[in-house]
Each structure stands twice: as C-alpha cells, then as structure tokens.
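The following questions ask how the terms applied to a structure rest on their cut-offs.

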Amino acid sequence: MTSIKEQAAISRLLSFLQEWDNAGKVTRSHILDKFIETNQGKTAPELEQEFSQGASLFLVRLTTSLRITYVTDSCLEKLLRSIGIFLSAVSSNRYLIEFLEVGGVLTLLEILGLEKIKEEAKKESVKLLQVIANSGRTYKELICESYGVRSIAEFLAKSKSEETQEEVQVLLDSLVHGNPKYQNQVYKGLIALLPCESPKAQQLSLQTLRTAQSIVGTTHPSIVDCVLKVLGTMHLEVQYEAIELIKDLVGYDVRQALLKGLVALLIPSVKETSKLQAKILSDPSVLQLTPSLPMFLQQAAAAKAIGVLARNDMSIAEELLYLRVVRGLMAAMGNMDHSNSQRLASLTLECFVQMFPLVAEYVRKGMGEELYQLFLSNAEDLYMKLDSIQADILAANKVNVTKALRLHGSSYSMDTLYGSHDSAQMAYLTHFEKEDVESKE
C-alpha cells in the first residue's frame, strides 16, 4: 500500500501530464522552458525522483510531439533540448532505447534535410545524434544503417552556421571511431564533401579525413583528384588543411599519383590556358579576375605543397626530381598572370637548388647567369624584378635533370645535399612554417 507522500507525488505527476496533454502551443513552450531550467544535468535516478518514477511517461509525450510537429518547427528546438536531457543523463540507457524504438534516429536525420527548419533546431538534432553515437558501436551502426552518413554530410555542406558545422564534424568524427563495419562509409562520405561550395565544410572534412585515413588504413582512388582540386581554393585555411592531408597521404599507396598530380599542376594544361586567353580577349574586365582563377591558385598551392614535402623528406624530394619538378617550378616562376605562383615556385626551387648541387647547375644553365644571380640574391622577391623576356625564358624552359640523375645516381650524402647552405635552408623552412601558421589562423 502506497504512503500518503507517494500518493501525493503520483497525483502531482498525473496533474502535470494532464496539463501537458491539454496544453496549447504557448503553454507547452512554457512547460518546456521550466523543464529545461530545472532538470538540466540531472542523472536518470534524479529524473525518476522528479517524476515519481514516471519520467518515461513524459519522455514518450515529448517524442510523440516531436514526430507530429517537427515538420512545422513548433517548439522544435525546446523539444529536442528536453529530449536531450533524458538521453544525456547518467544511467539513461532505458530512455535511449525508448527513444530509438519509436524511430528517433530517422526523425533526427529527417530534421537535418528540411530547409524550412531553423538552424538552431538542426544543431540540437546533431547534438542528439552525437549522444546516440557516443553510446556505443551498436548505435553508430544504427545511424549509418539509416542512411545517416549521407544525410549528415549533405547537411554539413549546406549549413550556413559555422558553429553548427563544427558540431557536425564532432558527430562524423565519432562515427568513424569504433565503427569498423561502417568506417569506410564515413571515409567515402568525407571525400565526397571535398568538392562542395562551403569553405568551412571543406576545412572540417579535410581535418576529419586525416583521422579517418589513419583508421581506415587504405586509400580510396578518388582521394587524389579531390584533394588536388581543393588546392584551387581562395581560402588559406582550406589550403592549409589540404596540404596537411597531402603530407599524410604520401605515406600511403597513392604517393606516386599524388606527386605526379602536384607536379602537373605547376604547368596548367594548354586547353585551360587557351580558354583563359579567349575569355580575356572577349572581355577585358576578366583581366582583373585572373589572379583568382582556380588553375593559378592550384599552381601556387602545388608549388607550396611541393616545398613542404621536399623539406620534410629527402626521398620525396628525389622522387620529385625524377618527375621533372624543376622544369615545372621554373615554368610557374614565369607566370606573369599570378605573382603568388611566381613567389612560391621561386621559394621551392630555391630549396631544391640548396639541397642538390646538380639541380643548381641545371637551373643556372636554364636561367642564364644574370637571372640566376638575381634568383640567388632574393628568391622570394624575384618575380618583382622579372621582365617579360625573362618570364618567357622561365615559362618555356626545357630543363631536364632526370637524365643527369640517372647517370650520377640519385643518392647523395647529407653533407653534399646541405653543405654550407644550412642557414639558408633553415630560413626557408622557417618562412614556410610561418606561412602555414598564418594560413591556419
């Protein structure tokens, strides 16, 4: 037989539930406000005590209301926050199961895809998916089996709120950890995000891809082209993350394809250049836009990435020489339409000249003594001193170090590579490290 105190508590619970059932939109909003204010951070036992062991009766009303009204966005954000109090409570596994049994995951994913729902409500939906994913492997698999990766990735690409996008990144990172059955699906979803139009989504995808790549182990064939295309971005923070991923990828089986791709970007294809020239001739105003064209941005970023890779790993530097990187860097130095390409290519070529005496010899021959001395005196500012004839000489160069390398052999001692150039080499490294930090900021 229940005590008078217990009967009073049950009576209060029934009265509360009846008030909710009979309430309109405004009253329910007030009820949710009060519930959120008084129960945030409570454990499951504390919630049960608050509701006289009948907390699930209120949770089922919240989930029912969510399923009925989420399309109209009526109190949606508050509903999701209230459900979150139950799902994130310590020892809340029972609440989680109850929510999932009524299709909670599918509802949350559908919310992400509806355009008319407010961004704040979608962010709360993402947070609930985080709670579910963090509850264990089974729940991560449930999200993925519900076509969650696709829905989440599409939302990341379309979201206009950077704060919300960062929450989505946390969710994707959770889904790729401890989820062997579907980790490849998450990995492919991140690659598919790289061509999207949102710079923030690209940046976050690249960051998460580095983690995913180390977990998955093997590479997907499409990752090389996707990452190289991202180098055409105008956003330095995206470029920084792309280069960081490239640094990781050279440790995998796509190394050769990646290095070939970077060197190829140093000399834009004739087809693309012809398109540009035709556009300039037909519209003089295009001249003002040429520095922002993706192929020139890619060229500059490729020159920078090659410098970063070469300074980090001697074997990569040697591989790049066999791919005729010197010719490509000199050609980029002659691109009068994009000063940043000239500057970064010049700095990277300086690195190769300092590392390989044989390269220095061929660069001197290719440039001519006067231009070579200008290059040695200040590689970074060389582009400001070039005249059109010198630029043409660089752009049309046919320098080929590969043949000489095969005759001399590609292995050089560290003393021969760096010799008396240690201080210059360190200055080069410091310069690029400074640029990387500024880009990340």
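Q: Why is C144 called buried?
A: Buried means a relative accessible area under 20%, exposed over 50%, and partly exposed in between, with a 1.4 Å probe and protein chains only. C144 has a relative accessible area of 3%, so C144 is buried. The model is predicted: local features need pLDDT of at least 70 and side-chain atom pairs count only at pLDDT 80 or more, while totals for chains, interfaces and linings use all residues. Residues are numbered from 1 along each chain as its sequence is written, and side-chain values use heavy atoms, with hydrogens and water left out.

Q: What makes C75 buried?
A: The relative accessible area of C75 is 19%, and C75 therefore counts as buried.

Q: How many disulfides does the structure hold?
A: The structure holds 0 disulfides, a disulfide being a pair of cysteine sulfur atoms within 2.5 Å.

Q: Why are α18 and α19 called oblique to each other?
A: Helix α18 (residues 294-312) and helix α19 (residues 314-322) pack at an angle of about 130 degrees, with axes 5 Å apart. Helices here are DSSP runs of H or I with at least four residues, numbered from the N terminus. Axes are lines fitted to C-alpha atoms over the stretch in contact, and angles run from 0 to 180 degrees between N-to-C directions. Angles under 35 degrees count as roughly parallel, over 145 as roughly antiparallel, 65 to 115 as roughly perpendicular and the rest as oblique; α18 and α19 are therefore oblique.

Q: What makes the pairing of K123 with E120 a salt bridge?
A: A salt bridge requires a side-chain nitrogen of Lys or Arg within 4 Å of a carboxyl oxygen of Asp or Glu. The N to O distance between K123 and E120 is 3.7 Å, and their side chains meet in a salt bridge. Both residues lie in helix α8 (residues 119-133), 3 residues apart, about one turn of the helix. K123, at 6% relative accessibility, counts as buried, whereas E120, at 37%, counts as partly exposed.

Q: How do you know that E166 forms a salt bridge with K200?
A: The closest N and O atoms of E166 and K200 are 3.2 Å apart, and the pair forms a salt bridge. This pair links distant parts of the chain, with E166 in helix α11 (residues 162-176) and K200 in helix α13 (residues 199-216), 34 residues apart.

Q: Why is E166 called partly exposed?
A: E166 has 36% relative accessibility and so counts as partly exposed; K200, with a relative accessible area of 15%, is buried.

Conventions: Helix = DSSP H or I, 4+ residues; strand = E, 2+ residues; numbered from the N terminus.
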